[in-house]
There are 2 protein chains.
Amino acid sequence: MKIDNDTPTATWSPDVLRRFAADFDPTLEKLLAKQTDIPTRLHEAMTYSLLAPGKRMRPYLTTRCCQLSGGTTDDAFAAAAAIECVHCFSLVHDDLPAMDDDDLRRGRPTTHKKFDEATAILVGDALLALAFEILATRSPKDADIGRMVQVLAESTGATGMIGGQAADLTGQEQPPSLKRTQYIHQRKTGHLFSAAARLGALAGNASDSAIDSMARFGLQLGLAFQIADDLLDLTATTEQMGKATSKDAVAGKQTYPACVGIEESQSAAKRASSEAIAALSTLGPDASDLQALARYAISRNY
Amino acid sequence: MKIDNDTPTATWSPDVLRRFAADFDPTLEKLLAKQTDIPTRLHEAMTYSLLAPGKRMRPYLTTRCCQLSGGTTDDAFAAAAAIECVHCFSLVHDDLPAMDDDDLRRGRPTTHKKFDEATAILVGDALLALAFEILATRSPKDADIGRMVQVLAESTGATGMIGGQAADLTGQEQPPSLKRTQYIHQRKTGHLFSAAARLGALAGNASDSAIDSMARFGLQLGLAFQIADDLLDLTATTEQMGKATSKDAVAGKQTYPACVGIEESQSAAKRASSEAIAALSTLGPDASDLQALARYAISRNY
């Protein structure tokens with residue numbers, strides 16, 4: 001499994017992620033297939049949820065940050081797989097009837113629609129536990145496992161992504177507020193993107209300053225990505241997104257467009273993208289593909 | 001915080017657990033209170049769920065196994081708290097309408113009844129992430145964090161407790177089978193009891209053979225405890241148990257009494273209890289209180 005980053009360019013192509021996924025997904029699938037002592041239906045539902053066609057932006061970020069730190073793609077695999085497990089767990093639980101109640105995800109029925117609600121709850125739980133199992137058992141021998149587990153747990157938990165999700169739910173009963181929206185976006189999306197970058201850097205034994213740079217890049221990339229998502233929910237079709245759109249406004253969600261309008265949201269996304277690009281300036285031309293990714297995050301149409 | 005084990009006796013008193021909880025619970029509450037960057041409602045619901053009056057049998061087991069290994073109560077705290085977080089997460093999710101659909105737990109409304117379903121899902125998720133955060137950040141400096149995270153993740157995940165829960169759900173549509181019941185009980189209860197013991201031993205830097213002994217003790221104690229629970233579901237009152245009873249038969253659950261009848265179930269519980277006691281025979285009189293706990297597990301009436 002390798003990422004085609006021999007010739008980093010200033011323009012980004014989604015093909016880079018597709019090529020990454022073409023190597024990453026089968027490795028992830030093999031890892032899950034090896035876990036034979038799982039009840040059949042749960043195993044099927046975990047595989048269905050984890051191997052659904054996704055962008056794999058987070059594990060790509062992990063892998064590239066590890067490479068930028070002098071590590072290999074193999075060094076990054078555990079952290080990349082753990083991040084994708086956490087991301088998928090969050091999607092499965094977010095889609096539940098009691099949460100966002102979505103029927104479609106990544107162009108297919110959501111886990112609770114394809115299987116059932118109880119199975120979807122257990123799939124999410126199992127993927128979250130699996131993330132930590134992978135991180136603890138498959139990270140490079142010289143990696144600081146304790147610190148990596150801490151980064152993943154804090155960015156996932158009540159002070160991170162799950163806290164953001166909770167604020168997102170209560171935010172639906174409150175008037176639009178930019179401060180609240182920033183709180184939600186930073187936690188719901190920014191923290192996990194930041195963790196993806198930090199875990200890659202840690203797996204590659206980067207210096208503390210390089211870890212900080214990549215963490216800042218991840219946070220701003222996540223923010224840019226989430227504001228773009230807010231905008232796409234208003235403008236893109238269900239076919240483009242692989243999930244229901246125009247739902248945020250109906251649900252009364254805290255979004256950038258709801259708080260500051262479309263034009264200022266576009267400016268905010270650009271600012272986050274620029275800050276992401278600037279965060280990597282000390283890492284030289286090797287980081288130019290990630291900088292291009294930060295530009296792509298706000299120009300994509302799906 | 002200390003456990004009164006200066007005078008281990010052959011008879012067990014529930015007061016031992018009550019005294020343990022009187023020290024353990026406030027320490028756990030302080031830990032959660034310190035996490036100030038959590039949305040208010042989520043924080044309240046996490047505290048409500050985690051600090052509900054429980055037996056604290058698992059963290060007690062962790063603490064005693066750490067002490068038997070030469071560690072202190074403080075050395076054991078991270079592992080004990082992590083195990084209780086995982087146990088509570090599993091209760092909150094098991095009680096959800098799509099799962100066991102219970103209104104009462106530990107004598108109080110279940111989390112989704114007291115708050116709401118979405119909050120209960122997030123509370124479970126957050127407690128699971130918190131378990132790993134605590135383990136990674138608060139274990140003794142010289143502990144093997146990677147191994148401890150592995151033990152907790154494997155015993156919790158799809159090959160452990162969550163797998164047992166999945167088998168429990170599908171088992172309701174199948175005829176009673178002792179093999180299936182053993183599979184479910186080992187995973188749903190045995191694995192986490194075993195992990196509680198192993199984590200305590202690891203926190204106390206026990207030898208591999210001592211870790212194995214305590215792990216076997218935990219597994220058999222969990223099995224004895226669960227068979228006794230099956231029997232209590234048939235015979236105890238809601239007031240005694242702090243949760244609804246007589247539900248297993250109605251739900252068509254795989255239980256020991258459903259498979260082999262009450263008398264043989266009592267014998268199986270006694271065998272598991274005896275095997276637990278035998279597993280600690282090499283540890284001498286210091287372990288006699290845990291051996292008494294194994295006897296109590298099958299004689300309790302709540």
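Residues are numbered from 1 along each chain as its sequence is written, while chains are lettered from A and ligands numbered from 1 in the order in which they are written. Because the model is predicted, local features need pLDDT of at least 70 and side-chain atom pairs count only at pLDDT 80 or more, but totals for chains, interfaces and linings use all residues.

## Chain A as a whole

Chain A holds 14 helices and 2 strands. Its radius of gyration is 18 Å, close to the 19 Å that the globule rule gives for 302 residues, so chain A is as compact as a globular protein of that length. Helices here are DSSP runs of H or I with at least four residues, strands are runs of E with at least two, and both are numbered from the N terminus. The radius is taken over C-alpha atoms, and the globule rule is 2.2 Å times the number of residues to the power 0.38.

The C-alpha trace of chain A spans about 50 × 50 × 35 Å along its principal axes. Of the 302 residues, 55% count as buried. A residue is buried if 20 or more other C-beta atoms lie within 10 Å of its own, exposed if 12 or fewer, and partly exposed in between, with C-beta atoms placed from the backbone.

Two residues are in contact if their C-beta atoms, placed from the backbone, lie within 7 Å. Take the contacts in chain A with a separation of 6 or more: residues 24 or more positions apart account for 72% of them.

## Where the chains meet

The contact takes 41 residues from chain A and 41 residues from chain B. On the side of chain A that touches chain B, the elements giving two or more residues are α2 (40–50), α6 (117–138), α7 and α8 (161–171). The largest share of that side, 13 residues, comes from α6(A).

Helix α7 (residues 145–156) of chain A also packs against α7 (residues 145–156) of chain B. In this pair, Ile145(A), Gly146(A) and Val149(A) meet Ile145(B), Gly146(B) and Val149(B).

## The nonpolar core

The largest nonpolar core has 196 residues. Such a core is a set of buried Ala, Val, Leu, Ile, Met, Phe, Trp, Tyr and Cys residues joined through C-beta atoms within 7 Å. Which members touch the most others? They are Val149(A), Leu152(A), Ala224(A), Val149(B), Leu152(B) and Ala224(B). In soluble globular proteins, nonpolar side chains tend to be buried together.

Look at Val149(B). Leaving aside its neighbours within four places in sequence, Val149(B) is in contact with Phe132(A), Ala136(A), Ile145(A) and Val149(A), and with Phe132(B), Leu135(B) and Ala136(B).

| Pair | Angle | Axis distance |
|---|---|---|
| α7(A) and α7(B) | about 45 degrees | 8 Å |
| α4(A) and α9(A) | about 165 degrees | 8 Å |
| α4(B) and α6(B) | about 165 degrees | 8 Å |

Axes are lines fitted to C-alpha atoms, for helices over the stretch in contact, and angles run from 0 to 180 degrees between N-to-C directions. Angles under 35 degrees count as roughly parallel, over 145 as roughly antiparallel, 65 to 115 as roughly perpendicular and the rest as oblique. Therefore α7(A) and α7(B) are oblique to each other. By contrast, α4(A) and α9(A) are roughly antiparallel.

The crossing of α7(A) and α7(B) is left-handed, whereas α4(A) passes α9(A) in a right-handed crossing. A crossing is left-handed if the near helix is turned anticlockwise from the far one by less than a right angle, and right-handed if clockwise. The crossing of α4(B) and α6(B) is left-handed.

## Single residues

Arg56(A) is not a glycine, yet has a positive phi of about 60 degrees. Arg56(A) sits in the loop between α2 and α3 (57–68) of chain A. Is Arg56(A) buried or exposed? Arg56(A) counts as buried, because 23 C-beta neighbours lie inside 10 Å.

Asp101(A) is not a glycine either, and has a positive phi of about 55 degrees. Its place is the loop between α4 (73–94) and β1 (104–105) of chain A. With 15 C-beta neighbours inside 10 Å, Asp101(A) counts as partly exposed.

Tyr60(B) lies in helix α3 (residues 57–68) of chain B. Tyr60(B) has 26 C-beta neighbours inside 10 Å, so Tyr60(B) counts as buried. Tyr60(B) and Ala197(B) are 137 residues apart in sequence, but 9.2 Å apart in space, C-alpha to C-alpha.
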